[in-house]
Amino acid sequence: MDPKAVGLTLLIEVGPTSVQMVCMSQNLTVVVVEQNQERAFAIVDALKEAGDADVFVIGNVSGLARQIAVHDPDIVLIDIDNPSRDMLEELTVASSPLERPVAMFVTGAAGGLAKAAVEAGVSAYVVDGLQAERIKPVIDTAIARFQVLRQMRVELAETRRALEERKVIDRAKGLIIKAKGVSEDEAYALLRKTAMNQNRRVAEVAEALVTASGLLS
Amino acid sequence: MRTVTLPVAYMPLVDAAPLIVAREMGFDHAEGISLDLRPAPSWSSLRDMLAFGHVDAAHLLSPVPVAMALGLGGIATSLSAVSVLSLNGNVIGVGTHLAQRLADQGFAFDFADAQAAGAALAKVAGDVLVFGVPFPFSMHVELLRYWVAGTDLASKQVEIRTVPPPLMAQALAGGEIDAFCVGEPWGSFAVDDNVGALLLPGRAIWSCAPEKVLAVRNDWAETEPHLLGSLMRAVWRAARWLSQPDSRTTASEMLSRKTYLDVSPELVDRALMGEFTISARGETRQVEGFVEFFDGAATFPWRSQAKWVAHQLAMRNGLDASTAERQAAKVFRSDLYRRELQGLGVETPGASEKLEGALAESTAVASANGSLILSQNVFFDRRIFEPTS
């Protein structure tokens, strides 16, 4: 059941004094926009461990602003590299489907949080007027999690690139060995020397050789 | 020569050309700086990169710094638009369904008459017409709103939604939007993708609309006046180079590279040459001055341009128009433009404001050292915007 609906029911039953308590303990609703399921799970798990938050994931970005409005969230988290992020900016304009204005979190007691978030690669949209101490744990967790994910992504891309380069260099070495009848070490030395003379990377020279040989064969 | 590296953010669009050319042609090195151009995944990320100091300057939608000065949107960092990077350069297009109905009605797709195009579209559109634009604060939105209000489209319920340009064709094909206003090459991309046809170039609505600006943080402009000057001069020289007809083919090649736009040079050519393929049937249209980087004092940041944008934003968001115009005027820095570029022998206009929409054709006006030709500046409805002083 929607925790807000619970809050509303209690409001009728127990009267105004308890209402505040109910509201205070009411969970924050967080929406995470992330197409990659694995990444989304990692973020959701981290947020749930950090505390009482109802976390929803939106994976399909078509009509994003409307999808988000349905959840009426307190915080929206999205990867800063996601091109669909601009769709969220509509939420910051008063005439948006979400009645409560949502702003990127920039000021308040937790100043510097937005900057840290941007550096970690997460953009956080927060309903205007939410208290900093309520938001901070969620944002802190998101920042830490996005940092790890970003690192992993960079490492993965680097590894993939290195592997591909290695493959091309090996093929180029093979071509040289066959064409010139030299040893593997000599073939590699020739690649390195050429790269140095032409002020290019070994991988580039290797790629040029492989391409040229493909054209000629 | 030792150069200072300057990180600058841009969106991979045709109108990022002055920055890309400044880098590729070495106009930056000639000024002792080295532009480190960083593509941004979205306009909001680009704005944040600039606001939070990840980059020192950016290729920015002209209404963004104005909106920020008016307290609209999330971020409140004070930005300065130190020069205009381009005038015009957007296209309005419709999905194949609407295009077919327009054709059935005998509409000629002249790609020029905004009044007629509005009337024709109003006749064939349903009660609700949904447009996709790249960003809530953009010249795209302002042009659309101005056009809709002044044509038969005013009788329709027009919705404007944000769709990232690379996803525009997909949104059109999926029926999420009926039409769009977007910067090149994305309009031509939709045509080539067989999902839409082009209806109007942005300049058919306003022939002199400031599209993108070179934006910096105010505090950076104050602490690094020398770097700012170098940047402005390098970009100005790049714009001058771009204005030479001989440069266009080379520019298309540069922009189309994988590091920048990563599309075919032919697609970039259409915008730079003003030669458009407007439908899947291959009909072509010629547009004089589709996008302008230099001629007619295009790079001068007129305070009246900022006031026009502020006026529109104020009317829509319930702000006091004259206060908004006053706040916005401080964002377009004609003072810095004069200070940094007059030494180059750049002809700068005598005034910092003009009546927007008041020049039916190119006209000579007084400048600091004599005279200067200003480009045609008209709205499709021939109204004239007089800024509040």
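Strand β5 (residues 90-95) of chain B pairs with β9(B) in the antiparallel sense over 5 bridges; strands count as paired if DSSP finds at least two bridges between them. Within this pairing, B:G95 has B:G196 of β9(B) as its bridge partner. The model is predicted: local features need pLDDT of at least 70, side-chain atom pairs count only at pLDDT 80 or more, and totals for chains, interfaces and linings use all residues. Residues are numbered from 1 along each chain as its sequence is written, while chains are lettered from A and ligands numbered from 1 in the order in which they are written.

**Sheet of chain B**

- An open sheet of 5 strands has the order β7-β6-β8-β5-β9 (chain B), with mixed pairing; strands (E, at least two residues) and helices (H or I, at least four residues) are DSSP runs, numbered from the N terminus.
- β7 (157-162) and β9 (196-201) of chain B stand at the edges with a single partner strand each, so one side of each is left without a neighbour in the sheet.
- On average, neighbouring strands of this sheet are turned by 25 degrees against each other, direction ignored.
- Helix α5 (residues 96-104) of chain B lies across β5, β8 (179-183) and β9 of chain B and runs at about 85 degrees to β5(B). Axes are lines fitted to C-alpha atoms, for helices over the stretch in contact, and angles run from 0 to 180 degrees between N-to-C directions.

**Domains of chain B**

- The domain assignment, which is automatic or from a database, gives domain 1 (4-86 + 209-259 + 293-347) and domain 2 (90-208 + 274-290) of chain B.
- The C-alpha centres of these two domains of chain B lie 26 Å apart.
- In chain B, 15 residues of domain 1 are in contact with 16 residues of domain 2, contact meaning that C-beta atoms, placed from the backbone, lie within 7 Å.
- On the side of domain 1 of chain B that touches domain 2 of chain B, α4(B) gives the most, with 3 residues.

- Chain A has 9 helices and 5 strands.
- Of the contacts in chain A with a separation of 6 or more, 58% are between residues 24 or more positions apart.
- The contact between the chains takes 20 residues from chain A and 20 residues from chain B.
- On the side of chain A that touches chain B, α5 (85-88), β4 (102-104) and α6 (113-120) of chain A each supply at least two residues, and α5(A) gives the most, with 3 residues.

Note on methods
Contact = placed C-beta atoms within 7 Å.
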